[in-house]
Amino acid sequence: MPAAPSDDTDRIDTFIDAVLLSDGWSEHTADSYRRDLLQWAAWLAGHGGDSLAADAEDLRDFMAELAAAYEATQGLAEDEKRQLAPLARGKNAASRARLLSALRRYYRYWLEEEAIALDPSAELDGPKLVRPLPKTLAEAEVEALLAAPDDSPLGLRDRAMLELMYATGLRVSELVALPLAAVGLNEGGIRIERGKGGKTRIVPMGEPAQLAFRRYLVEARPVLLKGRAHPVAFLNPRGEPLTRQGFWYIVKQYALRAGIAAERLSPHVLRHAFATHLVNHGADLRVVQLLLGHADITTTQIYTHVAKARLAQLHAEHHPRGN
């Protein structure tokens, strides 16, 4: 499989640079889209084409090959899959949906720039996705998780992070990059200046989270800073901001202490628990949407399905005719 031609690589970089700010993408989204588009350009090069001369039939063939390649690798061991070239591994339905989203935005951009007369992606249907319910925790499990940290400086930091994430529903990326100045203890809220999509929102924080954060500020953060200053709220032992991977490791360790199986966790587990428990206790879905920073209410509606699934499970377990 040839590499993406230099002309297509330049077009993709131009597109990414132009749209990154206008659409409010994160660096992670931009990198994912760039990889997807480079794979598309490489496939086209292998078929004697380039991206601005592609048509809908090219796109259908590409998507069909990715689906077929993915199905063909399902019987392979993970190490065998890793030995294959990326396109030979194919993509699952969720990854193909992301790819199609990248392609549609790419061609819309070049249509607006008048580099093409027709958008070849306009006629394509996306792969059918069955959206899984997000993993969440019962309220008692969250309480056990929040109680797991000790009173050491790192334990106080970790309790404050866990309390804050459960109290506010912050994304992991928002939590680890949270500026100290964004936490208003007197006001009882947090200002997220640039969440996903470049939107600003203010999220209230309850008293337990405020108390845990205040104690971290007084007793633990000065120890981690070692006389220095840093604008980010949560720091590692070197006095630097935590990474997303670092926070994930922390959550895993406390889950083990709290007796929660590791496979039931995800980086977003406390965010999902925040939203699910709000809905379970009768919160209006529009309010939950604002607190989570979702641009579309349909994204938030998944939590009504979580609540219904939990009710169905309880009914099946406890009603004499539930099964």
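Residues are numbered from 1 along each chain as its sequence is written, and side-chain values use heavy atoms, with hydrogens and water left out. In this predicted model, local features need pLDDT of at least 70 and side-chain atom pairs count only at pLDDT 80 or more, whereas totals for chains, interfaces and linings use all residues.

**Exercise 1. State how many helices and strands the chain has, and what share of its residues is buried.**

Step 1. The chain has 15 helices and three strands; these are DSSP runs numbered from the N terminus, helices being H or I with at least four residues and strands E with at least two.

Step 2. Of the 323 residues, 43% count as buried (under 20% relative accessible area, with exposed over 50% and partly exposed in between; 1.4 Å probe, protein chains only).

Step 3. Among contacts (heavy atoms within 4.5 Å) between residues at least 6 apart in sequence, 60% join residues at least 24 apart.

**Exercise 2. Describe how H1 packs against H2, and identify the residues that meet.**

Step 1. Two packed helices are described by the angle between their axes and the distance between the axes. Axes are lines fitted to C-alpha atoms, for helices over the stretch in contact, and angles run from 0 to 180 degrees between N-to-C directions.

Step 2. For H1 (residues 6–22) and H2 (residues 27–46), the angle is about 155° and the axes are 10 Å apart.

Step 3. H1 and H2 are therefore roughly antiparallel to each other (over 145 degrees; under 35 is roughly parallel, 65 to 115 roughly perpendicular and the rest oblique).

Step 4. The crossing of H1 past H2 is right-handed (the near helix is turned clockwise from the far one by less than a right angle; anticlockwise is left-handed).

Step 5. From H1, Asp8, Thr9, Ile12, Asp13, Phe15, Ile16 and Leu20 meet Glu27, Ala30, Tyr33, Arg34, Leu37, Leu38 and Ala41 of H2. These residues comprise nine nonpolar, one polar and four charged (Ala, Val, Leu, Ile, Met, Phe, Trp, Tyr, Cys and Pro count as nonpolar, Asp, Glu, Lys and Arg as charged, and the others, Gly among them, as polar).

**Exercise 3. Determine which helices the buried residues of H2 pack against.**

Step 1. Buried residues of H2 include Ala30, Tyr33, Leu37, Trp40 and Trp43.

Step 2. The partners of the buried residues are H1, H3 (56–72), H5 (86–89) and H6 (93–112).

Step 3. Beyond H2 comes glycine 48, with a positive phi near 75°.

**Exercise 4. Characterise the packing of H3 with H6.**

Step 1. H3 and H6 pack at about 160°, their axes 11 Å apart, and are therefore roughly antiparallel.

Step 2. Leu59, Phe62, Met63, Leu66 and Ala67 of H3 make the contact with Arg96, Leu99, Leu100 and Leu103 of H6. By class, this contact has eight nonpolar, no polar and one charged residues.

Step 3. H3 also contains glutamate 65, which counts as partly exposed at 41% relative accessibility. Glutamate 65 touches Trp43 and His47, residues up to four places away in sequence being left out of the count.

**Exercise 5. Characterise the packing of H8 with H12.**

Step 1. The axes of H8 (residues 153–168) and H12 (residues 269–280) come within 7 Å and cross at roughly 40°, which makes H8 oblique to H12.

Step 2. H8 passes H12 in a right-handed crossing. Leu162, Met165, Tyr166, Ala167 and Thr168 of H8 contact Leu270, Ala273, Phe274 and His277 of H12.

Step 3. The classes in this contact are seven nonpolar, two polar and no charged residues.
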